[in-house]
Amino acid sequence: MSQGPTYSFIFPVMNEEDVIGELHRQLLPFLEELDGPAEVILIDDGSTDASLERMKEIAERDDRFVVLEFSRNFGHQIAITAGMDRARGEAIIIMDADLQDPLSVVHQMIEKWREGYEVVYGKRLRREGDTWFKKATASAFYKLLERLTDTPIPRDVGDFRLVDRAALDAFLRMRERNRFIRGMFAWIGFRTTSVEFYREARFAGETGYPLRKMIRFAANGIISFSDAPLRLALNFGFLTALFSIAMAVWFIAQKLLGYSVEPGWASLAVLITFFGGVISMLLGVLGMYVARIYDEIKARPLYFVRAVHGAPEPSAE
């Protein structure tokens, strides 16, 4: 591709050996339908199965495919970032490799991009294959995020999106380590619209976002885009202090009015435990923000690529 691709497709991959072959099979006719040349960037995020070997075989046969092999698992959001760092296209499409994001929707995204929109995200109308618990917690998370943050982040939106080169260049200037990509794209602005779609169930394998990772991901989103936890902790501590003062006034009033006030070790223990819990909570919230600061000031690289398989490295021109 002498003049560079028009489209860059980014697929973060971790332990998807059962999906890679089908993904490749569906991509081949789809790439031929596009109105310009395309490249496909597959990022191996520390897979422990045969995913990397499957992707290397594809890259050896088709020079439109390139595989970035991470030195270890750096996480889904970092893998997407690595793909965007590498992308050369004028329009960059971010998708999951599990085939839950339909390729047919990309055509609609391209139409919106041709109309002048610089960020086109996929909005889920239905989430096939997700448990009721995951759907309920995801809905609760977006509602909470909407109330806590000043940056409007659309509901029921994942990382499936098309990004214009201008918006991508702006995004790549942000190099924070704890990344919440959908929030970061909302923060940079640009002309944005959505395309609605029905999300399918996974073709094979298991989700890369179990409950533990989902909780961590939700915490990243809230802490990265809101100081509400700090304000909540401050208000809670203030109300607790007022409650303690009110209790002291009540006991003093009882004493002055002649009522018997029996000292009790149990009540003292309860109060100590209660206030100790409040202090621990406040310190925990502060600690989360301090830990983020510590992570950022170390200024370590976001990731390391052990090897690049397939297409040669882009020139430094």
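The buried residues of helix α1 pack against β1 (7–13), β2 (38–44), α2, β3 and α4 (104–114), where buried means under 20% relative accessible area, exposed over 50% and partly exposed in between, with a 1.4 Å probe and protein chains only. This is a predicted model, in which local features need pLDDT of at least 70 and side-chain atom pairs count only at pLDDT 80 or more, while totals for chains, interfaces and linings use all residues. Residues are numbered from 1 along each chain as its sequence is written, and side-chain values use heavy atoms, with hydrogens and water left out. Helices (H or I, at least four residues) and strands (E, at least two) are DSSP runs, numbered from the N terminus.

**Helix α1**

- The buried residues of α1 are Val19, Ile20, Glu22, Leu23, His24, Leu27, Phe30 and Leu31.
- At Leu27, α1 bends by about 30°, and a proline, Pro29, follows within four residues; the bend is the angle between axes fitted to the seven residues ending at a residue and the seven starting there.

**Packing of α1 and α2**

- Helix α1 (residues 17–33) packs with helix α2 (residues 51–61) at an angle of about 20°, and their axes are 8 Å apart.
- The two helices are therefore roughly parallel to each other, a term for angles under 35 degrees.
- On the α1 side, the contact is made by Glu17, Ile20 and His24, and on the α2 side by Ser51, Arg54, Met55, Ile58 and Arg61; contact means heavy atoms within 4.5 Å.
- By type, the residues of this contact divide into 3 nonpolar, 2 polar and 3 charged.

**Glu69 in strand β3**

- Glu69 is found in strand β3 (residues 65–70).
- Its relative accessibility is 9%, so Glu69 counts as buried.
- Leaving aside neighbours within four places in sequence, Glu69 is in contact with Asp44, Leu52, Phe304, Val305, Arg306, Ala307 and His309.

**Positive phi in two loops**

- Leu99 is not a glycine, yet has a positive phi of about 70°.
- The loop between β4 (91–94) and α4 holds Leu99, and this residue counts as buried because its relative accessibility is 13%.
- Phe190 also is not a glycine and has a positive phi of about 70°.
- Phe190 lies in the loop between α7 (181–188) and β7 (192–199), and with 37% relative accessibility Phe190 counts as partly exposed.

Definitions and conventions: Axes fitted to C-alpha atoms, helices over the stretch in contact; angles between N-to-C directions. Parallel < 35°, antiparallel > 145°, perpendicular 65-115°, else oblique. Nonpolar A, V, L, I, M, F, W, Y, C, P; charged D, E, K, R; others polar.
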